[in-house]
Amino acid sequence: MGSLAYKHIIYPFNTWYLKSEMNRGEIEAALKADCFLSDEGYQSQSRSQSFYGKITEFDFQLETIRNKENLVPFAHGEVRGVERDMYIVLRCGAFQHRRIWAIAVVFLLVLIVATIQAPNSMQLPLIGVNTAFLSLLIARGWAYAKCQQSTLAHFNKLWNSSSISRSEVPSVLFR
């Protein structure tokens, strides 16, 4: 795991840009085939699926349900482009929303301030609570950092796509 991955232990979110020559409908169909359940109804095939979520031909919101393959817990994104020149903005995270992570961090900071201001008899138990909560956040970030590359490989294989930089995406798609 490179040094860049350690950043994702502290801030467990990132965005990837993918380019695919599949059309919008093919991208949606491939994703639905890898989705066990969706808002459209129960979908089950003989092979194992990876996600539960909401999928349209324009965007998707997924939660990982398969444990056999290392995938990040949450992925959502947008499909942009025309014909067979499609760009997918894939946002992944250890938490469903950044605000959940932010609330957890603020809660940890409040716990730390409470520990500092608590009487001596209460400081030791509060230090234990702080340590346990911080350990949970770090463990979630560590697990996320370990799953990033396999998640990117999974989506690239699913959509027959390749990873590109943000600068390679036509700016007209972000207006």
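Student: Which glutamate meets the side chain of arginine 80 in a salt bridge?

Tutor: Glutamate 78 does, with N and O 2.2 Å apart. Side chains of opposite charge can pair when their charged atoms come close. Here a salt bridge means a side-chain nitrogen of Lys or Arg within 4 Å of a carboxyl oxygen of Asp or Glu. Before going on, please note that this is a predicted model, where local features need pLDDT of at least 70, side-chain atom pairs need pLDDT 80 or more, and totals for chains, interfaces and linings use all residues. Residues are numbered from 1 along each chain as its sequence is written, and side-chain values use heavy atoms, leaving out hydrogens and water.

Student: Which residues are linked with Arg80 in a network of salt bridges?

Tutor: Glu78 and Arg91 join Arg80 in that network. Arginine 91 bridges to glutamate 78 with closest N and O atoms 3.4 Å apart. This pair links distant parts of the chain, 13 residues apart: arginine 91 is in strand E7 (residues 85–93) and glutamate 78 in strand E6 (residues 74–82). Strands (E, at least two residues) and helices (H or I, at least four) are DSSP runs numbered from the N terminus.

Student: Is arginine 80 buried or exposed?

Tutor: Arginine 80 is buried, at a relative accessible area of 16%, while glutamate 78 is partly exposed at 26%. Buried means under 20% relative accessible area, exposed over 50%, and partly exposed in between (1.4 Å probe, protein chains only).

Student: How many salt bridges does the structure hold?

Tutor: There are 5. One of them joins lysine 32 and glutamate 28, at 3.3 Å from N to O. Both residues lie in helix H2 (residues 24–33), 4 residues apart, which is about one turn of the helix. Lysine 32 is partly exposed at 22%, whereas glutamate 28 is buried at 17%.

Student: Now the rings, please. How many aromatic pairs are there?

Tutor: The count is 7. Rings of Phe, Tyr and Trp (its six-membered ring) pair if their centres lie within 6.5 Å; planes under 30 degrees apart are stacked, over 60 edge-to-face, and the rest tilted. Phenylalanine 13 and tryptophan 101 have ring centres 6.2 Å apart and planes at 80°, so they are edge-to-face. Their pairing spans 88 residues, from strand E1 (residues 13–20) to helix H3 (residues 98–117). Phenylalanine 13 is buried at 5%, and tryptophan 101 is buried at 19%. Elsewhere, Phe51, Phe60, Phe155 and Trp159 form one aromatic cluster.

Student: Which residues touch the most other members of the largest nonpolar core?

Tutor: Leu18, Leu31, Phe60, Leu62, Leu90, Phe155 and Trp159 do, out of 32 residues in that core. A nonpolar core is a set of buried Ala, Val, Leu, Ile, Met, Phe, Trp, Tyr and Cys residues joined through side-chain atoms within 4.5 Å. H4 gives the largest share, 7 residues.

Student: Where does H4 bend?

Tutor: H4 bends by about 40° at glutamine 148. The bend is the angle between axes fitted to the seven residues ending there and the seven starting there. Just after H4, asparagine 160 takes a positive phi of about 50°.
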